[in-house]
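Work through the exercises below with the model open beside you. Try each task before you read its solution.

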Amino acid sequence: MFNFKRPYFPMNSYVNIQKISPIDEDGHTGFSIKALKHAFLDNLFYVQGKFPALATKHDYSLALAYTVRDRLLQRWISTAEIYTRRKSRTVAYFSAEFLLGPHLGNNLLNLGISDQVRQAMLELGLIYEELLGQEVEPGLGNGGLGRLAACFLDSMATLEIPSLGYGIRYEFGIFAQDIVDGWQEEKTDKWLRFGNPWEIQRPEWAVEVKLGGHTETYIDANEHSRVRWIPGWIVLGTPYDTPILGYHNNTANTLRLWKAEAAESFDLGDFNRGNYYGAVHKKLISENITKILYPNDEQIQGKELRLQQQYFFVSCSLQDMLRIMKVQQIPLTQFHEKFTVQLNDTHPAVAITELMRLLIDEKLMSWDAAWSITQKTFAYTNHTLLPEALEQWSLHLFARILPRHLEIIMEINARFLNEVRIRFLGDAERLTRLSIINESGERYVRMAHLACVGSHAINGVAALHTELLKKDVLADFHTLWPEKFSNKTNGVTPRRWLALSNPRLTKFISRHIGENWIKELSELKQLEPYAEQSSFRSDWRFIKRSIKEDFAAYLRRSTGYVIDPQSLFEVQVKRIHEYKRQHLSVLHIIALYHRIKSNPNMAIVPRTFIFGGKAAPGYYMAKLMIKLITAVGEVINKDPAVRSSIKVVFLPNFNVTTGQKLYPAAELSEQISTAGKEASGTGNMKFCMNGALTIGTLDGANIEIREEVGEENFFLFGLTAAEVQTLKAEGYQPMDVYHSNPELKVVIDLISEGYFSGGDRELFQPLVNSLLHGDPYMLLADFQSFVDCQNQVSQAYLDYEHWTRMSILNVARSGKFSSDRTIKEYCRDIWNVKPVKIDLLSHDELRKSMLD
């Protein structure tokens, strides 16, 4: 045994390396502690090229990641081999975002070897939790859209559904959020700085993507008129594959992400002529396409880059799918039988025109045959009820970047509108509303309309959302094709969001009802009788309190905030947006603050209000909302009269990693969007299955959560979606509410008079003006209802036995909100895909398949 003293290495004073006797199992697949130690040291030496005296924590973390990846590869290769041999029908999930979170812990959980790895690291003198903490979170998503995509990949692998996730390998992700003087500042998210041990580059499968240029017609050998696209420039798309492992099975599906590169990255002629910048100009321009998620599109350059990104990844993906068809020797006419493509919102909707282009221009298929295949291939998920969030691209921009696709869109639209004319003869207004081209003012391509026309199925993501799509946002399409529409309420994976994030509660639950609930979340129903047992409730409270203490310690280490674990943890973490109404919570906090200042002796339930989320770089009002939260927090947290009663925290750079710490610690989940604005929400589900109670409106999936957990276990407030529409139609006047509610008036006046801005009356005036002169998201209309409901929360929290019972029942009744349930519904109603069981191939079988 060799001991390498490492006094600067905080994980342990010693790293112990043993001379281990030869192992019986394969060094790349074995799960024993001895095999894991062998593999870890091999990867440290032969992959990282380090020995303990020089190795850093990051080296050890990477060595462990490669050790785990080796154990995935047998499953990954076996899965690919069986899918290929069986020509399995496959889901292709197209998404601009995949907010995966760290891989290491999740893969260990799914492999079922967390305990063995923890012990192996301990015997080597390393601390398992610190190694996991070294992993940098992939910067591949922003919010709910990307996290949903990641949950769906997890569920498809767990349910053994053949699938491929297709997206973009962003070099820098969206941005890392700093809070400086209370304002959001965007920093580069260099998530790839140390490499990514989970991905494998596949340069042999790179494809060319055309952009710009012009089109020309020609006559083919069969005397048919054809169109040839002459591009202005060509970009190379290189795939990077990441295995997505199922829970306790042999399935490892693939997430394939595309990186943009120059077809010719270095011009030697320019370099030799002294034009050093020109020599790499093409490389820089091409690689910009996959540099960053959602570039700021306030300027035309940002809009161009976004459209290029969307087209780039769908073109790469469809070309890759055609390659797979060729490898598996499947006729092109069966494309829709081999693949079903789910469009995760409108970002990938240009895929409809790209598949048409590939079929009619490259494969010389007839229009009718190509259109039939295209419509049978695609299905569209809508994720928004906000008109401004429904993507549109100006025809001028489209013509410059994708000239051939604009021609195809025009042809699709002309044929579609002819169908509409026959169906609704003389209804010119309906034609205008349904047209893929928005003709009002500057002409735009409506991507949601293209998705509806080019897909065989359209779904919303919560019951209310789907009904509002049918009645409002996509009402004309529902009238035309009611059979296309269905609801698929979102879900989240219980593996990451409960089993991995909340190991103490997971072990406690499993001790009472077994472990099968991790794959069949509905089995949590078995917890209901335990809610009536005082000893069970006592243990439940102890677990929650210990988790809160751990989170308080983490928060102090990472941010400097000092919070009281005995206080009620009230949390709102999500993208910052006016319709999500983080500022409604701030109004309530100010009201509480004013009450305490006015009556220092009043009894109050101590609360810690925790906010987190990012504002889009170009969204000033959202950034101002962050500033308001931090400004109010700064005043309250420093005031000795109230800081023991209320504390306000803004958690910077909220992501999956911090979410895994926060969701288990939360006790009250704020889901307070304006009714009729939130499509679904998935954070509400994560809080619910970790035992937090919800205070919320009848919006998105809140409605279904309330139905499942019971209205007595949900704190409801606010106008309904129908009441919001009625009030607006009647001429809603927020100023009347302001004048009629004394407490609200004091709250607004404290903000507008500069109490929270050092006397600066101008700083928050845009927010105040928005509330008093329009209030589009009905904050003032819902204020009193929210405050009254918060009083009910305080009363309920004082009865700790009753609160604990409600917490247990929220968990017990959260089974519907597993993404496994959602994926089963997609498979049954839209995709028509069946599970494929994977048997692990031995090395000999793999070699034989290669020789065959």
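Predicted model: local features only at pLDDT ≥ 70, side-chain atom pairs only at ≥ 80, totals over all residues.

Residues are numbered from 1 along each chain as its sequence is written, and side-chain values use heavy atoms, with hydrogens and water left out.

**Exercise 1. A sheet and its helix**

Find the strand order of the open sheet of six strands, then its edges.

Step 1. Strands here are DSSP runs of E, at least two residues, and helices are runs of H or I, at least four residues, numbered from the N terminus. Two strands pair if DSSP finds at least two bridges between them.

Step 2. The order reads β22-β21-β20-β23-β24-β25, and the pairing is parallel.

Step 3. β22 (646-651) and β25 (715-716) each have a single partner strand, so one side of each lacks a neighbour in the sheet.

Step 4. Now take β20 (residues 568-573) and β21 (residues 607-612): six bridges join these parallel strands. Within this pair, V571 faces I610 of β21.

Step 5. Helix α24 (residues 656-665) packs on the sheet and touches β20, β21 and β22. Contact means heavy atoms within 4.5 Å. The direction of α24 makes about 140 degrees with that of β20. Axes are lines fitted to C-alpha atoms, for helices over the stretch in contact, and angles run from 0 to 180 degrees between N-to-C directions.

**Exercise 2. Strand β14**

Which way do the side chains of β14 (residues 378-381) point, and are they buried or exposed?

Step 1. In a regular strand the side chains alternate between the two faces of the sheet.

Step 2. F378 and Y380 point one way, A379 and T381 the other.

Step 3. All four are buried, where buried means under 20% relative accessible area, exposed over 50% and partly exposed in between (1.4 Å probe, protein chains only).

Step 4. β14 pairs in parallel with β13 (residues 339-344) over four bridges, and V341 stands opposite F378.

Step 5. β14 also pairs in parallel with β18 (residues 457-460), over three bridges. There Y380 stands opposite I458.

**Exercise 3. Helix α20**

Which residues of α20 are buried, and what covers them?

Step 1. The buried residues are L505, T506, F508, I509, S510 and I513.

Step 2. Their cover includes α19, α21 and α32 (800-812).

Step 3. After α20 comes G514, with a positive phi near 85 degrees.
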